[in-house]
Amino acid sequence: MRIMRTRFEGTWFDTRGVSRADVGAGSGHSAYRWRPLIWHASTGSADSATSGEFVNERTVATQQTAWNFVAASRPWLPGPIAAVQWWAPDDSATSLRVPIYGGATKVPYHFADATGQVPAAAVKPGEAPTADALTPSMDSAFWIWNLVSNLAYGDRADVVSKALEAKLLPMQERLMAAAAAEDAAVAALAMTDGASSPAVVARATAFCELTADGAFHAWQTVFLELFALTRDGFTITRGTHKPQCAGAQKDGCTARNIPDVMEQGYEQSWYDRVATDGDNAQRYGAPPTADDNGGRGYEMHKRLRMNKKRRGPPPRGPPLGTGATSTASISASTQ
């Protein structure tokens with residue numbers, strides 16, 4: 001499973017722009033490149049060794065994945081559980097995989113499809129959510145897994161990928177431990193009821209349904225947590241100022257949870273690249289008198305208020321563009 005999660009990190013093929021500069025990785029050091037992977041530069045190539053045609057690497061894990069699985073064949077176990085697929089929709093780098101026994105007789109509801117890749121693969125109406133490629137559903141594993149993985153692309157790739165891995169790996173280990181325990185329980189049942197008895201098949205099926213249902217709802221929560229972490233371009237984490245008040249407590253606490261809000265910004269190398277791109281230096285460069293109207297004071301005020309470190313109105317200053325110097329000062333206080 002770990003191999004299928006890789007995107008050539010730490011190798012010559014690493015596309016994140018970490019070990020070497022790569023504008024294609026964007027400001028978030030994304031390992032992904034949108035298709036098509038073969039493209040041409042409009043200005044041609046100054047390197048005589050190339051034809052002007054370029055190729056982006058197709059990493060092991062890739063975004064345009066319908067589903068992925070790791071299969072295991074265990075001939076020493078009873079027939080209904082001898083084969084197992086660790087299965088998930090979408091990108092193999094960002095996916096929590098659920099165990100599906102080869103002998104299971106029912107597809108877990110949130111993972112089922114009422115239409116089917118082919119008609120024979122469809123389940124009965126009512127045994128699958130109403131969803132397809134153009135009909136999103138919060139009851140569909142395909143869509144929840146896509147919501148999670150798409151947060152890990154683009155400008156927030158570096159932040160989300162680390163946070164996602166911290167959640168995914170222990171969850172996957174717990175599922176594997178649960179499956180190992182179920183293997184032993186089914187094998188014991190098979191000793192008394194027979195390897196392919198209805199009781200063995202029913203237990204294997206029920207385990208797949210229950211486990212997949214739990215994983216689905218857990219992954220819904222992961223999506224919401226990752227979204228909360230990175231919304232609006234900030235990195236938002238649990239507050240470290242004061243705890244939330246409990247019960248009748250009033251002192252040394254806050255009435256509601258106050259998070260820490262960090263301005264994500266960009267790496268210095270990215271700012272430098274923006275400043276030298278096209279006419280950006282002339283368009284965005286601040287004149288020497290940029291702070292004469294108190295603009296930086298207002299900016300600092302907003303930052304402090306965002307983290308609940310300032311009370312009162314913003315600093316007073318002259319109207320924008322007057323050229324007068326603001327004497328407003330910024331002080332931080334703890335709420």
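This is a predicted model: local features need pLDDT of at least 70, side-chain atom pairs count only at pLDDT 80 or more; totals for chains, interfaces and linings use all residues.
Residues are numbered from 1 along each chain as its sequence is written. Local features need pLDDT of at least 70, side-chain atom pairs count only at pLDDT 80 or more, totals for chains, interfaces and linings use all residues, and side-chain values use heavy atoms, with hydrogens and water left out.

Strands and helices are DSSP runs, numbered from the N terminus (helices: H or I, at least four residues; strands: E, at least two). Two strands pair if DSSP finds at least two bridges between them. Strand β3 (residues 67–73) and strand β4 (residues 83–89) run antiparallel and are joined by seven bridges. Within this pairing, W67 has P89 of β4 as its bridge partner. β4 also pairs with strand β5 (residues 98–101), again in the antiparallel sense, over four bridges. Here V84 stands opposite Y101 of β5.

Helix α2 is largely enclosed by the rest of the structure, because eight of its eleven residues are buried (under 20% relative accessible area with a 1.4 Å probe, protein chains only; exposed is over 50%, partly exposed in between). The buried residues of α2 are A141, W143, I144, W145, N146, V148, S149 and L151. Their cover includes β4, α3 and α4. I144 lies in α2, which spans residues 141–151. Its relative accessibility is 0%, so I144 counts as buried. Contact means heavy atoms within 4.5 Å. Leaving aside residues up to four places away in sequence, I144 touches M138, F216, W219 and Q220. The C-alpha atoms of I144 and V222 are separated by 9.5 Å, although the two residues are 78 apart along the chain.

A nonpolar core is a set of buried Ala, Val, Leu, Ile, Met, Phe, Trp, Tyr and Cys residues joined through side-chain atoms within 4.5 Å. The largest such core has 38 residues, and W145, W219 and L226 have the most contacts inside it. Two or more residues of this core come from each of β4, β5, α2, α3 (157–193) and α4 (198–230). The most, twelve residues, come from α4. L226 touches V148, L151, V160, A163, L164 and K167, not counting residues up to four places away in sequence.

A cavity is a set of points where a 1.4 Å probe fits but cannot get out; a pocket is an open set with protein on both sides within 12 Å along at least five of seven lines; lining residues have an atom within 4 Å of a point. Grid points are joined across faces, edges and corners, and a volume is the space filled by probe spheres set on the points.

The largest pocket holds about 990 Å³. It is lined by 31 residues, with W67, W87, F111, A112 and D113 nearest its centre. β4, β5 and α2 each give two or more residues to this lining. By class, the lining divides into 20 nonpolar, eight polar and three charged residues. Ala, Val, Leu, Ile, Met, Phe, Trp, Tyr, Cys and Pro count as nonpolar, Asp, Glu, Lys and Arg as charged, and the others, Gly among them, as polar.

The second largest pocket holds about 470 Å³. Its lining has 22 residues, and R7, E9, S161, K162 and E165 are the closest to its centre. This lining has nine nonpolar, five polar and eight charged residues.

One cavity of 30 Å³ or more was found in the whole structure. The largest cavity has a volume of about 60 Å³. Among its lining residues are Y32, R33, R35, E57 and R58.
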